[in-house]
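Please keep the sequence and the coordinates at hand while reading.

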Amino acid sequence: MSQVDDAVSAWERIVRWFTANTPAHADALNPPATEEQIARAESKMGVSLPAELRQLLMVNNGSTAKHRSLTGNAFYDARGGGDYSPFPSDYVFCDVELMCSLYTGNRAASISMQEPGSRYEYWKEGWIPVFRKKEVHAGLFLDMSVGQVPASLYEYEEESFPELAFRSLADYLSTVADALDGVRRFTVMGRQAPHLPTVREGLICW
């Protein structure tokens, strides 16, 4: 199977699990993105999205993650405002418009710092944000800056260097799907995460 097939297959497993076990999370997934939406974002960013990400967006254009949460418990409402994500580390799957906004904003900040080409560059050309935390400079980006296929997925947050998290988007989604199905614990490059996910009051607890 290709990276595109692997990514879509893993995503379909995740959505099936949401639908069967946590319908509120399935309901929070957006409708598919259109070719026009993707083309418009790519034009603004000046980069093309990798094929596997394009295909995912044409299945679900990210997630609102704005469905009910367990009130009064910060662990389940970690990002605040009743806005809850079903993915590990409270990451939200960005829609294509948010990817574009984050990318162009981060690139503008990097250029304003006169850092392009520097080892310490704030945001390199070709770093595509795919998952992120709400209102925080943290998440996962696909590194297209080096031309590697498939692009690796890096974890980033404010005031720290990005770290390799997954070998590809398909690798990340397969790891999430396997954890949901109870096949293996969720890990980041072999680093053990605390637990397999469980369901409480219709929501995922990682």
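Helix H3 (residues 35–45) and helix H5 (residues 96–112) pack with their axes 9 Å apart, at an angle of about 0°. Axes here are lines fitted to C-alpha atoms, for helices over the stretch in contact, and angles run from 0 to 180 degrees between N-to-C directions. H3 is therefore roughly parallel to H5; angles under 35 degrees count as roughly parallel, over 145 as roughly antiparallel, 65 to 115 as roughly perpendicular and the rest as oblique. On the H3 side the contact involves Gln37, Ile38, Ala41, Lys44 and Met45, and on the H5 side Val96, Glu97, Met99, Cys100, Tyr103 and Thr104, where contact means heavy atoms within 4.5 Å. By class, the residues of this contact are seven nonpolar, two polar and two charged. Ala, Val, Leu, Ile, Met, Phe, Trp, Tyr, Cys and Pro count as nonpolar, Asp, Glu, Lys and Arg as charged, and the others, Gly among them, as polar.

The model is predicted: local features need pLDDT of at least 70, side-chain atom pairs count only at pLDDT 80 or more, and totals for chains, interfaces and linings use all residues. Residues are numbered from 1 along each chain as its sequence is written, and side-chain values use heavy atoms, with hydrogens and water left out.

**The chain as a whole**

The protein chain has six helices and nine strands. Helices (H or I, at least four residues) and strands (E, at least two) are DSSP runs, numbered from the N terminus. Of the 206 residues in the protein chain, 48% are buried; buried means under 20% relative accessible area, exposed over 50%, and partly exposed in between (1.4 Å probe, protein chains only). Among contacts between residues at least 6 apart in sequence, 54% join residues at least 24 apart.

**The loop between E3 and E4**

Met144 lies in the loop between strand E3 (138–143) and strand E4 (152–157). With a relative accessible area of 29%, Met144 is partly exposed. Not counting residues up to four places away in sequence, Met144 touches Ser48, Pro50, Gly126, Ile128 and Ala151.

A cis peptide bond joins Val149 and Pro150, with omega about 0°. In general, most peptide bonds are trans.

Is Ala165 buried or exposed? Ala165, found in strand E5 (residues 163–166), is buried at 0% relative accessibility. Leaving aside neighbours within four places in sequence, Ala165 is in contact with Leu140, Leu153, Tyr154, Glu155, Val188 and Met189. Val183, in the loop between helix H6 (169–180) and strand E6 (187–188), is exposed, at 57% relative accessibility.

The table lists C-alpha separations for residues discussed above.

| Pair | Separation in sequence | C-alpha to C-alpha distance |
|---|---|---|
| Met144 and Gly126 | 18 residues | 4.5 Å |
| Ser48 and Met144 | 96 residues | 9.3 Å |
| Ala165 and Leu140 | 25 residues | 8.1 Å |
| Val183 and Leu196 | 13 residues | 9.3 Å |

**Aromatic rings and cysteines**

Rings of Phe, Tyr and Trp (its six-membered ring) pair if their centres lie within 6.5 Å; planes under 30 degrees apart count as stacked, over 60 as edge-to-face and the rest as tilted. By this rule there are 16 aromatic pairs. The rings of Trp17 and Phe18 form an edge-to-face pair, because their centres are 6.4 Å apart and their planes stand at 75°. Trp17 and Phe18 are both buried. One aromatic cluster is formed by Trp11, Trp17, Phe18, Phe87, Phe93, Phe131, Phe166, Tyr172 and Phe186.

How many disulfides does the structure hold? The structure holds zero disulfides, a disulfide being a pair of cysteine sulfur atoms within 2.5 Å. Cys94 is buried at 0% relative accessibility, and Cys205 is buried at 15%.
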